[in-house]
Amino acid sequence: MSMPSARSQSPIQAPPVVVARALTKTYDTGGTQVHALAGVDVDFHRGAFTAIMGPSGSGKSTLMHCLAGLDVPTSGSVHLGRTQITGMRDGDLTLLRRDRIGFIFQSFNLLPMLTAEQNILLPSQIAKRKVDPARFDHIVDVVGLRDRLGHLPTKLSGGQQQRVAVARALLNAPEVVYADEPTGNLDSRSGAEILAFLRDSARDLNQTIVMVTHDPVAASYADRVVFLRDGRLVDEVSDPTAELVSERLLKLEA
Amino acid sequence: MLRTTLAGLRLHKARYVTTTLAILLGVMFISGTMVFADTLKASYEKSVMGSASSVDTIATPEIPEPQDGTWEDPEPFTQEQLDQIRDLPEVADADGVRQGPGLLLDSEGRAFSHVPPEAMAVEEVTRYEITEGELPDSYDEMVLATTISDQTGFEVGDSVTVLDAEQQEQEFTVTGLLDVEVGSELSYRGAFILTPEAFASVTGAEGYHEIDALAADGTSEEDLATAVAGVLGEGADVKTSTEFGDEMAAQAGASADMIRTGLMLFALIAVFVAGIVIYNTFAILVAQRQREMALLRCVGAKRGQVFRSMLTESFVVGLVASTLGVLAGVGLGMVGFRFVGPLMGEDMDVATVISPTAVIIGLTVGVTITVFSAMVPAMRATRVPPLAALSTSATAAGMEKGTGKLRAVMGILLFLVSGGIVVLGLQGDPDSSAMWIVAVGAIVAFLGVVVLGPLLVRAIVGLIGVPLRHVGVPSRLAVDNSTRSPRRAATAMIALTVGATLITGYSVINATMQESIAQELDGKYPVDYQLSPMLDLESPDAEGEGTEETPEEVGGTDLSTIPESVRSDLSSRSEIDQVFAQRSDSVDSGDDRIANDDGTVPVSTYVGATVGEEVEVDVVKGDLTDFGPGSVLITEGRAESLEAGDTISLGDPEHEFEIAAVVAGTGMFYGVNLDPADYEQVVPEITGDSSVMVRGSDSASSSELREAVYSAVDDHPTLNVMSMGEMRQQFEDMLDIAFYAIAAMLGLAIIIAVFGISNTMALSVLERTRESAILRALGLNKAQMRRMLGVEAVLLCLIGAGIGVLLGVVFGWAAISATLPNIVFGFPIGQVATFLAIAIVAGLVASLLPARRAARTSITGALASQ
C-alpha cells in the first residue's frame with residue numbers, strides 16, 4: 001500500500017460518518033406485522049471497517065438497505081455526514097447514492113454487457129465525474145485487474161468479478177462503502193483476498209466500510225462487529241477474532 | 001401435466017397480454033373482413049334480386065362474338081318480335097326496354113362525362129323499379145340513375161338539359177330516381193329514363209335492348225322462357241327472372257368477393273407479423289423458464305410431455321386470443337359496413353351477416369398460427385437438460401454466442417439470389433408478370449434479412465452506437481443492451497420490417513408514378529388544356545395500338561371530331577399562346593407489312609405543331625430531320641423489320657412514303673404519322689380534329705385561360721375539356737387515396753409489430769430486474785432508466801424500419817421499372833422521413849410500459865430475490 005495515510009487516532013474514536021437513531025422497519029404481510037428493525041441506534045466511524053452480523057432474519061440486510069438509502073425505514077433517522085437521508089425524495093436519494101456511497105453486492109454485481117473497466121467507471125460516468133487516472137491505476141493494481149480490464153464479466157472468475165466490484169466501489173472514495181455478503185459466493189481463498197482489500201483500504205485510504213455477513217471468518221477482518229437479533233442491536237465486539245465472533249453468534253442463536 | 005400447464009399459464013398470464021393482443025388484432029382483421037364482405041354481398045344481392053322479381057322472363061340480344069378484335073353492338077329486337085311475343089298464349093303481357101346513348105348536360109352546360117350515358121324508355125312491364133318518385137308520364141319528365149344524380153347533384157324536381165338527335169337542347173324535370181345494379185354497364189355509364197316519345201326524339205334509336213314478359217295464368221317461368229326463346233330464335237339470350245337474378249347476384253357478389261380478397265391479403269400480412277411476434281414471445285419465455293422446464297424433467301416429465309405442455313399453452317393462448325379476435329372482428333365488420341356501405345351506395349337495412357365460415361376461419365387461422373409459431377421454441381424447451389434446474393446460473397446469464405459464419409454465408413447467398421432474380425425481372429420489356437418476378441426477389445431478400453438479422457442488428461447498432469455512446473450513460477447502456485440477444489432483437493425488429501418494406505415499396509411506386517406523370521405533363525412545351533370529342537366505351541380494346549377509340553355518333557350528327565372552327569376560335573384569343581391539333585383516322589393499305597388483318601392502318605398527323613418540338617417523340621431508328629412531306633414516322637411495334645429509308649404504301653389510291661424514322665409508340669404516336677399535307681392526300685374525308693391541345697400565354701392567369709377555353713367551346717357542349725393541371729391533380733388525388741388506404745391497411749401490421757417490440761422489451765426488463773436494481777443502486781435515476789429503455793426500443797424500431805425502407809425503396813423501384821416503361825424514379829423523401837419519425841415515436845410508445853416497470857421496481861426487493 002503506497003498511499004500515504006495520516007492516522008491520528010483509532011478509527012473507532014474518529015467522528016461518525018453514518019448515524020442511525022431509533023430506526024424501525026415494519027412489514028405488513030397479510031395482516032401480521034413483522035418488525036424487521038425494532039429501534040436500532042448505531043454509529044459508523046470514519047475509516048472504520050464494521051461488520052454487521054446476526055442470524056437469518058435478524059434484520060441485518062434491512063438495516064444496511066435503510067442506511068444506504070435503498071429502502072425507506074418506517075421511523076427513525078439516518079444521517080450520512082451532515083445530511084439526513086431519511087425523508088429524502090427518490091431523486092435526491094439517487095444522487096446521494098451516486099455521489100457519496102459505494103456498493104458491493106453478493107453476486108450479479110456487474111453489468112454483463114460492460115467490460116471490467118466499463119463496470120469500474122460506470123458510477124463516475126453516470127455522475128459525469130472526472131476520474132483521477134492515478135487513483136484508477138492505483139486501485140486497479142491493488143486489486144490485480146490490470147490484465148483483465150477489457151474482459152466481459154462472463155470471462156472472469158467469481159473472485160475477479162468481486163474484485164471489479166470492489167474497485168468500482170472504492171474508485172470515487174465515497175463517504176461509505178456498503179458490502180452485502182461480498183464473499184458469500186466465493187471460495188475461501190478468493191474471499192480472503194477480497195476481505196484483505198477491504199481491510200487495507202479502510203486502514204490505508206481511511207475508507208469507511210460497512211459489511212453485512214454471516215461468516216465469522218469474514219467478520220474477523222473488521223475493526224468492529226455489531227450483532228443484531230430480531231431487529232435489535234444486542235452486542236458489539238472490537239478487534240474481533242473468528243473464534244470470538246463464532247462464540248458470540250452461537251450465544252445469540254441459543 | 002395439463003394442470004401444471006394451466007397453472008403455469010395463470011401464473012404468467014401477464015406475459016401473454018401483448019401476445020394475445022397481437023393475435024387478437026390479426027384475427028380481428030380476418031373475421032372483420034369476412035363479416036364485412038359477407039354483409040356487403042348480401043346487400044348487393046338483395047338489391048339485384050329485387051330488380052328481377054317483378055317480371056317472369058327477361059330476353060336480351062346476345063352480344064355477337066368479336067370480329068377482328070372489335071366488339072359489335074348487339075342487334076336490338078324489333079317491334080315485330082315484341083308483337084309476336086305478346087301474341088304467345090303463354091304471355092300475359094310483354095314490353096320492351098329501349099336504350100341508346102343520350103347526351104345529358106351537367107349543371108354547367110357541359111356533357112356529363114365523356115362517354116354518353118344511356119337514355120332508356122320503359123313501358124308497363126319492366127324489371128326496373130323506381131327507388132324514389134315516379135316514372136315519367138309526360139314528355140318533359142325523366143328519371144335519373146342515382147349514379148348520375150350523385151355526380152351531378154341533380155335531384156327530384158330539378159330541371160335537366162338533354163341534347164336531342166338534332167343537337168337541340170330539351171328540358172326535362174326529374175320525377176324519380178333509379179337504382180341501377182352494381183357492376184352493370186348502366187351503373188358506370190349512367191342512365192336516365194324518358195317517355196318513349198321523348199326517347200325517340202333524343203336518341204333516334206330503334207328497337208328494344210330488352211324484352212320483359214309476364215307469364216299467363218298457369219304458365220311456369222320455364223315454359224314462358226322456352227316460348228319466348230322460340231320466337232326470338234338465334235341471337236337472343238332468354239332467361240327466367242330467377243336465372244337472371246341469380247346471374248346478376250353472382251356478378252354483384254363477385255365484386256364483393258374482390259374486395260374480400262384485397263382485404264384478406266392485408267389481413268394475412270397482419271397475421272404473418274403476429275406470427276413473428278408470437279414466435280419471439282415463446283422463444284423468450286422458454287429461455288426464461290429454462291429452470292422450470294428442467295425441474296419438470298427432474299421430477300419425471302418426458303421430453304414429449306414438455307413439448308406437449310408448451311404446445312398446449314400456445315393452443316390455449318391462441319384460442320382465447322382468437323375468440324376475442326373473432327368477437328372484435330364481428331364488431332369491426334359491422335362498424336365497417338355502417339361507415340363504408342353508404343359510400344358504396346348500399347342502404348343499411350341489411351342485417352349483419354355472421355357466417356360460420358367467418359368464425360371458423362378466424363379461429364382456425366388464429367390458433368394455427370399461434371401453435372405453429374410456438375413449435376420451434378417448444379422444441380427448444382425439450383432440449384433443456386434436467387441438470388439445468390440445479391445449476392446456479394440464472395436465466396439471463398449467458399450472452400448469445402456469435403452468430404456463425406454459416407449465417408453470414410447463407411444471408412449473403414440469399415441476397416445474391418434475390419439480386420439475380422431482380423435483374424432477371426428487369427430484363428426484357430416491362431410487363432405485369434415481371435412485377436411478380438420482382439416480388440419473388442423481394443421475398444428472397446426478406447429471407448436474407450431474416451437469416452442475417454442478428455448480424456445486421458449487431459453491425460448497425462455498432463455503427464449508430466458510436467455517436468450515441470457519447471450522448472450519455474443511458475444511451476450507452478441502451479446500445480449495449482440492444483445487442484445482448486441479437487437474435488431476439490432481430491426477430492422483434494423484423495416484424496416491423498415487413499410493414500415498413502411494404503409501405504415504403506408502395507410509396508416509392510406511388511412517388512415514381514406521380515413523378516413520371518409530372519415529367520410527361522411538364523415536358524418542354526407543356527400543354528394546359530386538351531379538348532377531345534365524346535368517347536364510346538363500347539369498344540373494349542380502345543387502348544390497343546392500331547385501334548383508336550371509335551368516336552360516338554349520337555343521333556346521326558357527327559360528334560367524333562372537333563370542328564376546325566374551334567381551333568381557329570382558340571388561336572384568335574390573346575390568352576392563348578399556341579393551339580395545335582392531332583388528326584387521326586384509319587386508312588386502307590395494300591401493304592400487308594404494316595396493315596392490320598382487316599387491311600387498315602391507323603394514321604395521324606399534327607397540325608400547327610412540329611414533331612420533335614411541341615410534340616415530343618423518342619426516335620428509335622433513323623433521323624427526325626428527314627421527316628417532312630413524302631415521309632412518315634412509324635412506331636416500333638408496327639415497323640417490325642422495316643428500317644428508316646424503306647418505302648411503304650398507304651391509302652386508296654395508293655401513295656408511297658419513305659420511312660424517316662422509327663419511333664417509340666406512345667399515347668401521342670401510334671401507327672403511322674404523316675405530314676399534314678400528306679394526311680389530306682391519304683385520308684379522303686377530313687371532318688375535323690381528333691384532339692386539340694392548348695397552351696396558355698404566360699401573361700394569362702389560370703382563371704382567364706380557363707374562361708377563354710370554355711367560351712370557345714360554349715357552342716359545343718359535347719366536347720370534353722380537360723385541364724392538364726386538374727387531370728394531374730385528380731390523378732395525384734387518386735394515387736394519394738390509394739396510398740392512404742394501403743397505408744391504413746398495413747398500419748395494423750405495424751401496430752402488431754410495435755406490440756411485439758414492446759413485449760420483447762417487457763420480457764427483457766423482467767430478465768434484467770436485478771441489473772436494473774444495481775444500476776439504480778449505483779445512482780442511475782428513474783428518468784435515466786426510462787431513457788435507457790426508450791433509446792433501446794427506438795434503436796430496434798429504427799433498425800427495423802430502416803431495413804424496411806431500404807428494401808422498400810429497392811424493390812418498389814424494381815417493381816415499377818419492371819412493370820411500366822419510361823418511368824422517372826421518384827423518391828418519397830417526405831413520406832420516408834415520416835415513416836422514420838413514426839418508428840421513433842413507436843419505439844418510445846413501445847418502451848413506455850416496460851420502462852415504467854423497470855423504473856418502479858423496488859431496489860431492495862430485486863436485490864433480495866435471486
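Trainee: Hi! In which sense do strand 15 and strand 16 of chain B pair, and over how many bridges?
Mentor: Strand 15 (residues 576-588) and strand 16 (residues 600-607) of chain B pair in the antiparallel sense over eight bridges. Strands here are DSSP runs of E with at least two residues, helices are runs of H or I with at least four, and both are numbered from the N terminus. Two strands pair if DSSP finds at least two bridges between them. This is a predicted model, where local features need pLDDT of at least 70, side-chain atom pairs count only at pLDDT 80 or more, and totals for chains, interfaces and linings use all residues. Residues are numbered from 1 along each chain as its sequence is written, while chains are lettered from A and ligands numbered from 1 in the order in which they are written.

Trainee: Which residue in strand 16 of chain B is the bridge partner of B:V587?
Mentor: B:V601 is the bridge partner of B:V587. Strand 16 of chain B also pairs with strand 21 (residues 672-674) of chain B, in the parallel sense over three bridges. There, B:S604 has B:N673 as its bridge partner.

Trainee: Switching to chain A, what is the strand order in the open sheet of six strands?
Mentor: The order is 6-7-8-3-9-10, with mixed pairing. Strand 6 (101-104) and strand 10 (232-238) of chain A are the edge strands, each pairing on one side only. Strand 10 of chain A pairs with strand 9 (residues 224-229) of chain A in the antiparallel sense over six bridges, and A:L233 is the bridge partner of A:L228.

Trainee: And which strands does helix 8 of chain A lie across?
Mentor: Helix 8 (residues 242-253) of chain A lies across strand 3 (49-53), strand 9 and strand 10 of chain A, and runs at about 160° to strand 10 of chain A. Angles run from 0 to 180 degrees between N-to-C directions, and axes are lines fitted to C-alpha atoms, for helices over the stretch in contact.

Trainee: Back to chain B, at what angle do helix 20 and helix 22 pack?
Mentor: Helix 20 (residues 724-767) and helix 22 (residues 782-819) of chain B pack at about 140°, with their axes 11 Å apart. They are therefore oblique to each other; angles under 35 degrees count as roughly parallel, over 145 as roughly antiparallel, 65 to 115 as roughly perpendicular and the rest as oblique.

Trainee: Which residues meet there?
Mentor: B:I757, B:M761 and B:V765 in helix 20 of chain B meet B:L789, B:E792, B:A793, B:L796 and B:C797 in helix 22 of chain B. Contact means that C-beta atoms, placed from the backbone, lie within 7 Å. By class, this contact has seven nonpolar, no polar and one charged residues. Nonpolar covers Ala, Val, Leu, Ile, Met, Phe, Trp, Tyr, Cys and Pro, charged covers Asp, Glu, Lys and Arg, and the others, Gly among them, are polar.

Trainee: How many residues does each chain give to the contact between them?
Mentor: Chain A gives 25 residues and chain B gives 19. Helix 2 (90-100) of chain A is among the elements that give two or more residues to the chain A side, and helix 2 supplies the largest share of that side, six residues.

Trainee: What ipTM and pTM does the predictor give the complex?
Mentor: The ipTM is 0.77 and the pTM is 0.75. Chain B averages a pLDDT of 80, and 90% of the residues score at least 70; pLDDT is the predictor's confidence in each residue, from 0 to 100.

Trainee: Where in chain B does pLDDT stay under 50?
Mentor: Residues 537-557 of chain B are one such stretch, with 55 contacts beyond four places in sequence in the model. Where pLDDT is low, the predicted coordinates should not be read in detail.

How values were computed: Two residues are in contact if their C-beta atoms, placed from the backbone, lie within 7 Å.
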